[in-house]
Amino acid sequence: MMSAESVGFSLLLLGLLLIIGKWVRVGTPLLQDLFLPSSLIAGMIALIIGPEILGRILDIQIIPSRTLETWRYLPGLMINIVFAALFIGKKIPNVKTIWRLAGPQVILGYIISFGQYVVGLVLSIFILAPVFGMNPMSGALIEVGFVGGHGTAAGLRETFVEVGFAEGGDLAIGLATVGVLGGVLIGIGLINWGIRKNKLVNQFQSTDRSVLERKGIIELDTREPAGFLSTRSESIEPLSLHFGYIAIAILLGYSILQGMIYIENVTWGAMTGVYLLKYIPLFPLAMLGGIIVQLVLDKIDKHNTIDRSLINRIQGLALDILIVSALATLSLTVIGENLMPFIILALGGILWTVFAFVFLAPRILPDYWFERGIGDFGQSMGITATGLLLMQVTDPDNKTPALESFGYKQLLLELFVGGGLFTAASIPLIFQFGATSILIFTSTITIGALIFGLVVYGRKK
């Protein structure tokens with residue numbers, strides 16, 4: 001049973017691991033070359049010294065069981081903060097403006113994301129289920145792990161449990177780890193290929209990063225502020241104010257979710273016996289709550305008390321905690337018991353995403369296809385930061401519209417996939433309506449988006 005003391009110790013130990021992860025990265029050139037975040041390294045260290053590896057080999061308990069129990073709750077809590085903060089402090093333009101700037105990338109993002117469902121469901125229906133006895137819901141794991149990343153995979157753990165596919169959470173987190181590593185390694189390889197084949201509009205000379213840049217440390221005289229104070233501390237601590245706005249967003253999301261569940265219970269759920277909304281996690285609705293908070297603040301906050309940089313700091317802290325705790329509690333036993341299906345899903349997801357970048361991106365993105373598409377590739381394999389990293393390598397001086405389009409794309413993409421509404425609902429949808437029905441649905445969207453992209457944007461080249 002957890003106590004206040006055990007919870008506090010668990011958080012302190014997690015902080016210690018983050019520091020260890022950072023200094024391991026500082027002292028390891030290979031990890032610097034792989035652009036691995038310190039939180040990922042810290043999580044891997046926790047996994048190694050935990051009960052799944054060293055604990056089993058040496059038959060000792062290095063990390064207390066109560067600490068692991070606390071860490072298992074953290075991803076589901078932290079993901080709500082990450083998604084609630086997505087749009088707070090950002091100017092939300094109208095849909096027409098977003099579409100004008102980022103329409104082609106939105107379409108490509110949908111093709112990649114829903115295509116990952118198609119690939120996963122085909123593998124699930126025709127190979128994984130009949131040959132390995134896997135649950136048909138395994139067809140959703142590629143998109144959940146790759147486009148969704150560690151946050152979404154960990155946030156959906158409880159959903160996997162509720163629909164009777166408990167091992168799905170660990171498999172999704174494992175795929176997210178493969179996606180992050182693959183996104184960086186394959187992405188850098190694609191960039192080198194693009195340079196050799198003259199695929200980039202603005203060719204650049206690849207220069208070595210400085211020693212401090214490789215270590216992930218900003219030089220003292222070039223450091224930027226982490227945020228700006230919008231309120232006086234004697235009134236309210238600015239960080240507290242920004243956390244309060246995020247809390248309101250999560251509460252709004254919770255209220256929306258509970259209202260939807262109530263409506264389902266007294267309407268179509270009672271009539272048909274099909275209950276879907278009770279399986280949907282909170283975090284996509286927390287994202288909607290964040291949009292509502294920002295729209296209201298745009299109307300009433302005359303003093304501009306929101307500072308996006310402070311929101312980013314809270315969001316970044318939550319994401320670091322999430323990644324460490326999710327990896328630390330990953331079950332390698334589950335992955336080992338399903339190793340061949342895991343490998344098949346990983347290879348299927350990688351091959352489809354590479355194909356989409358190499359063959360579809362140049363036919364859909366009307367200009368600067370490599371600089372813009374490499375960001376979509378990185379995000380679709382790992383996390384948004386991977387996409388930003390790869391774009392920074394190809395367009396270090398922001399001479400192309402890649403970064404701006406990538407940013408606007410998130411507003412229409414992450415609302416539905418990559419941890420959005422459809423990603424959260426995909427597991428319950430397969431559970432309620434079957435893998436074949438969802439395969440038909442996702443195939444229709446993928447083909448429709450592909451035709452639209454080729455016909456509408458392909459002609460604009």
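Which side chain does Arg372 meet in a salt bridge? Asp367 is the partner, with N and O 2.5 Å apart. A salt bridge here is a side-chain nitrogen of Lys or Arg within 4 Å of a carboxyl oxygen of Asp or Glu.

Before going on, a word on what we're looking at. This is a predicted model, so local features need pLDDT of at least 70 and side-chain atom pairs count only at pLDDT 80 or more, while totals for chains, interfaces and linings use all residues. Residues are numbered from 1 along each chain as its sequence is written, and side-chain values use heavy atoms, with hydrogens and water left out.

**The overall fold**

The protein chain has 22 helices and 0 strands; these are DSSP runs numbered from the N terminus, with helices being H or I of at least four residues and strands E of at least two. Its C-alpha atoms fill a box of roughly 60 × 60 × 55 Å along the principal axes.

Of the 461 residues, 52% count as buried. Buried means under 20% relative accessible area, exposed over 50%, and partly exposed in between (1.4 Å probe, protein chains only). Take contacts (heavy atoms within 4.5 Å): among those between residues at least 6 apart in sequence, 79% join residues at least 24 apart.

**The salt bridges**

A search of the whole structure finds 3 salt bridges. Here they are:

| Pair | N to O distance |
|---|---|
| Arg157 and Asp170 | 3.2 Å |
| Arg372 and Asp367 | 2.5 Å |
| Asp376 and Lys409 | 2.5 Å |

Start with Asp376 and Lys409, which form a salt bridge. This pair links distant parts of the chain, 33 residues apart: Asp376 sits in helix α18 (residues 369–381) and Lys409 in helix α20 (residues 402–413). Asp376 is buried at 0% relative accessible area, and Lys409 is buried too, at 1%.

Next come Arg157 and Asp170, whose side chains meet in a salt bridge. Arg157 lies in helix α9 (residues 157–162) and Asp170 in helix α10 (residues 167–196), so the pair ties together parts 13 residues apart in sequence. Arg157 is buried at 15% relative accessible area, and Asp170 counts as buried at 11%.

Back to the opening pair: Arg372 is buried, with 4% relative accessible area, whereas Asp367 is partly exposed at 32%.
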